[in-house]
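Visitor: I am new to this structure. Please show it to me, and then I will ask how you know what you say.

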Amino acid sequence: MNDRLERLDAYAQIRHLAVRYAAAMAAQDAETLGNLYVDDVRVGGGRTGREALREAYFGDALTRLDLSVLHVGTHVIDLDPERDDRARGSVYTLGEIASGGRPIRQAICYFDRYARRDGKWLFVTRDHQLFYGVDHAERPNALPPANWPASDSGTGTLPYAWPTWPAAC
């Protein structure tokens, strides 16, 4: 990748990809999550494709989570010097997660491989590695309504107001 503007565009698109992933996880939006990957993503068990990824991974992951708010932090991106359509990266993330009614804080590092297809950067793989996960003392989703700005603490309107959020939660 010789053109400076092309490199800057690659960095911007790849950083945006990680942020969109975090936003889609918070909204429990499996459709968007799947679309962040290459169309022939390998899922495992001989399965490939975005729909297989949504079913095999995101369907299960999202049903286990009561809440997933990911704070994307340091993002290191290494563009492949041999191929202008490939890159690798690591994304340090703090997660505020609730699973089975249990609030958890996680420090995560995603190890990613990216590919550019038709001018758009997408995930090829995303490997979730954990530094730690620790239980919270309070259950954020069990708090009374915050009624912000009258009260700073309590349960807010999100994610329940989003159309992608399951009504049963």
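Visitor: Which residues have the most contacts inside the largest nonpolar core?

Guide: They are Tyr21, Met25, Tyr37, Phe58 and Tyr114. The core has 31 residues. Bear in mind that this is a predicted model.

Visitor: What makes a set of residues a nonpolar core?

Guide: The residues must be buried, belong to a list of nonpolar types that includes Met, Phe and Tyr, and be joined through side-chain atoms within 4.5 Å. In soluble globular proteins, nonpolar side chains tend to be buried together.

Visitor: Which elements give two or more residues to the largest nonpolar core?

Guide: Helix 1 (4-27) and helix 3 (50-64) do, along with strand 3 (65-79), strand 4, strand 5 (102-117) and strand 6 (120-135). Helix 1 gives the largest share, 8 residues.

Visitor: What does Tyr37 touch, leaving out residues up to four places away in sequence?

Guide: Tyr37 touches Tyr21, Arg50, Leu53, Phe58, Leu122, Phe123, Val124 and Arg126. Tyr21 and Phe58 are also among the core residues with the most contacts.

Visitor: Why is Thr93 called buried?

Guide: The cut-off for buried is under 20% relative accessible area. Thr93 has 4%, so Thr93 counts as buried. Thr93 is found in strand 4 (residues 86-99). Beyond its neighbours within four places in sequence, Thr93 is in contact with Leu70, His71, Val72, Gln106, Ala107, Ile108 and Tyr110.

Visitor: And why is Phe131 called exposed?

Guide: Exposed means over 50% relative accessible area. Phe131 has 55%, so Phe131 passes that cut-off. Phe131 is found in strand 6.

Visitor: Which residues form a nonpolar patch on the surface with Phe131?

Guide: Tyr92, Leu94, Tyr132 and Val134 form the patch with Phe131. Together the patch residues have about 490 Å² of accessible area. Strand 4 and strand 6 each supply at least two of the patch residues. Strand 6 gives the largest share, 3 residues.

Visitor: What is the secondary structure of the protein chain?

Guide: The chain has 3 helices and 6 strands. From the N terminus, the order is α-α-β-β-α-β-β-β-β.

Visitor: How many residues are in the chain, and what share of them is buried?

Guide: The chain has 169 residues, and 37% of them are buried. The accessible surface of the chain comes to about 10000 Å², with 51% belonging to carbon and sulfur atoms.

Methods:
Residues numbered from 1 in each chain as written. Predicted model: local features only at pLDDT ≥ 70, side-chain atom pairs only at ≥ 80, totals over all residues. Heavy atoms only, no water. Helix = DSSP H or I, 4+ residues; strand = E, 2+ residues; numbered from the N terminus. Buried < 20%, exposed > 50% of the residue type's maximum accessible area, 1.4 Å probe, protein only. Areas by Shrake-Rupley, 256 points an atom, 1.4 Å probe, with all protein chains shown as cover. Contact = heavy atoms within 4.5 Å. Patch = residues over 30% accessible without salt bridge, like charges linked within 9 Å, V, L, I, M, F, W, Y side chains within 5 Å. Salt bridge = Lys/Arg side-chain N within 4 Å of Asp/Glu carboxyl O.
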